[in-house]
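Colleague: I am new to reading protein models. Could you take me through one, feature by feature?

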Amino acid sequence: MKNSGKTTGGKCLRIQKSGPLCGRCAVGTSKNAVLPMLAAALLTREPVVLHHVPDISDVSDMISLLRTFGARVSQSGHTLRICARHIKTTSPNFHISSRLRASFLFMGPLLAREGCVTMPLPGGCAIGRRPIDLHLKGFEALGVKSITASGHVLAWRQTLRGAAVHLAYPSVGATENVIMAACLARGKTVIIGGACEPEVCDLIGLLTAMGAKAEVKDGRIEIEGAGQLHGAEYTPIPDRIEAGTLMIAAAVTGGDVRIDRAPHKHLMQVTSKLVEAGAEVFPYPGGIRIYGRARTPMDIVSSPYPGFPTDMQAQFMAACCVLGGQSTILETVFENRFLHVHELIKMGAHIDVRGNTAVITGVGRLCGAEVKATDLRAGAALCIAGLIADGETVIQDIRHLDRGYEHIEDKLSSLGALITREV
Ligand code: EPU
């Protein structure tokens with residue numbers, strides 16, 4: 001996406017200890033809903049129009065990749081129009097693909113439309129090994145053959161045939177890739193053990209608007225393959241993780257914030273933990289008000305939806321650092337998602353990591369320090385810690401934050417946070 005004119009990138013974020021966050025803001029559209037939809041636009045020769053697309057660097061990277069595949073992409077404000085009338089399966093730029101995990105989501109649509117694809121192995125946040133075996137096994141069930149060599153996957157098929165696809169783990173990306181491929185397969189595909197994150201359901205929403213016959217039924221995802229899909233216009237769901245991040249920022253500062261577009265029904269686990277910790281949460285039509293301060297320690301176990309989201313784990317850890325007592329966080333989704341621990345310790349946190357469990361002993365205060373956003377949600381956690389730390393916190397490597405939050409400093413400062421971007 002072309003930059004909206006506001007500044008992204010830059011050297012660092014500077015945050016001063018801030019008072020209670022107060023006021024009203026609105027969350028943008030879900031990054032993890034939009035990214036697969038950009039890939040899904042390759043499933044049709046007709047235009048797909050997406051509204052409210054966030055101005056984040058993962059979206060810009062997906063647009064660059066769409067253009068590599070021959071799609072025409074135009075933008076008017078936050079609306080994107082993608083037309084993939086003619087596509088080519090050129091292997092995309094390695095540097096762009098390796099910046100984000102979602103680049104691999106082009107595989108399903110390209111295989112469905114073109115039949116033979118070479119893709120670099122995907123990148124993304126360094127929060128675990130993040131293999132692609134489940135994607136490839138899912139494709140294999142539909143009749144795809146593949147070889148992985150020299151950092152690339154070469155995959156090809158004769159006829160794509162609907163089949164029963166058993167996923168050994170509810171991988172979000174593998175589920176999305178198989179759904180997209182299955183839309184143009186011959187016959188019916190049933191995914192057993194697939195992911196049911198709201199973003200997966202929203203992708204099904206777009207595909208249905210494009211003429212696909214796909215639905216979630218009795219915990220399985222059923223797709224009746226169609227000869228072709230048509231264009232559609234669609235508005236993806238609001239970002240539950242951005243909403244949750246703002247909720248924690250409000251609760252650690254003891255604020256009173258109304259978050260418009262916060263999707264209450266997708267935030268049950270986040271809400272219940274914040275309420276358990278002492279904050280008050282009042283859903284209203286079209287948003288959530290969060291009031292008061294989180295004070296009580298928490299025990300959190302991340303797991304696939306509808307469990308506690310791994311994408312909120314780091315932000316909760318930042319909050320736990322100053323709660324009165326011992327909190328625990330068990331990360332079960334990614335094996336290396338504690339990179340923020342080291343940075344929080346630089347700010348005076350007491351955190352002990354044992355395997356995939358972090359034990360956080362609340363301290364009276366955190367101290368501002370120079371820290372690094374090691375990945376997207378780690379960066380968000382450091383913003384939260386910076387709001388409550390004495391003095392100044394300087395967050396370096398903020399390109400990670402810009403991958404998934406649209407001008408996070410603007411939203412936080414509109415609520416009274418003392419945060420600026422140094423360019
Ligand atoms: N996994 C495998 N094999 C596979 C695929 C996944 O072993 O073929 C493992 C992963 O290594 C991981 C677990 O399964 O341990 C979950 O991975 P999943 O495939 O569900 O995650 P993803 O599709 O790569 C998406 C989001 C992530 C989010 C996870 C889990 C996008 C673009 N990314 O990643 O978002 O954490 O689902 O909910 O949708 C973020 O936004 O900060 C972020 C990392």
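Colleague: Which way do strands β7 and β8 run, and how many bridges join them?

Modeller: First, a caution: this is a predicted model. Strands count as paired if DSSP finds at least two bridges between them. Here β7 covers residues 144–149 and β8 covers residues 152–157. They run antiparallel, and 6 bridges join them.

Colleague: Which residue stands opposite Lys-145?

Modeller: Look across to β8. Trp-156 is the residue opposite Lys-145.

Colleague: How many residues lie between the strands of that hairpin?

Modeller: There are 2 residues between β7 and β8. In this hairpin, Ser-150 takes a positive phi near 50 degrees.

Colleague: Where else does a residue have a positive phi although it is not a glycine?

Modeller: Go to His-52. Its phi is positive, at about 60 degrees. His-52 sits in the loop between β3 (48–50) and α2 (57–68).

Colleague: Now β1. Which strands pair with β1?

Modeller: Take β25 to begin with. Strand β1 (residues 12–16) is joined to β25 (residues 418–422) by 5 bridges, and the two run antiparallel. Cys-12 faces Glu-422 across that pairing. Then take β24, residues 392–396. β1 pairs with β24 over 5 bridges, also in the antiparallel sense. There, Ile-15 stands opposite Thr-393.

Colleague: What about peptide bonds: is the one from Tyr-305 to Pro-306 cis or trans?

Modeller: Read omega for that. The bond from Tyr-305 to Pro-306 has omega near 10 degrees, and it is cis. Pro-306 belongs to the loop between β17 (299–301) and α10 (313–320).

Colleague: Which atoms of Val-333, Arg-101 and Arg-130 lie by an oxygen atom of the ligand?

Modeller: Val-333 places a backbone N or O atom 2.5 Å from a ligand oxygen. Arg-101 uses a polar side-chain atom, 3.0 Å from an oxygen of the ligand. Arg-130 also uses a polar side-chain atom, at 3.1 Å from a ligand oxygen.

Colleague: How much of the ligand's accessible area does the protein cover?

Modeller: On its own, the ligand has 820 Å² of accessible area. The protein covers 90% of that.

Colleague: Which pocket does the ligand take, and which elements give two or more residues to its shell?

Modeller: The ligand takes the space of the largest pocket.

Methods: Residues numbered from 1 in each chain as written. Predicted model: local features only at pLDDT ≥ 70, side-chain atom pairs only at ≥ 80, totals over all residues. Heavy atoms only, no water. Helix = DSSP H or I, 4+ residues; strand = E, 2+ residues; numbered from the N terminus. Polar contact = N/O pair within 3.5 Å; in protein donor to acceptor, adjacent residues only side chain to side chain. Areas by Shrake-Rupley, 256 points an atom, 1.4 Å probe, with all protein chains shown as cover. 1 Å grid on protein atoms, 1.4 Å probe; cavity = no way out; pocket = protein on both sides within 12 Å on 5 of 7 lines; lining within 4 Å. Sits in = over half its atoms within 2 Å of the grid points.
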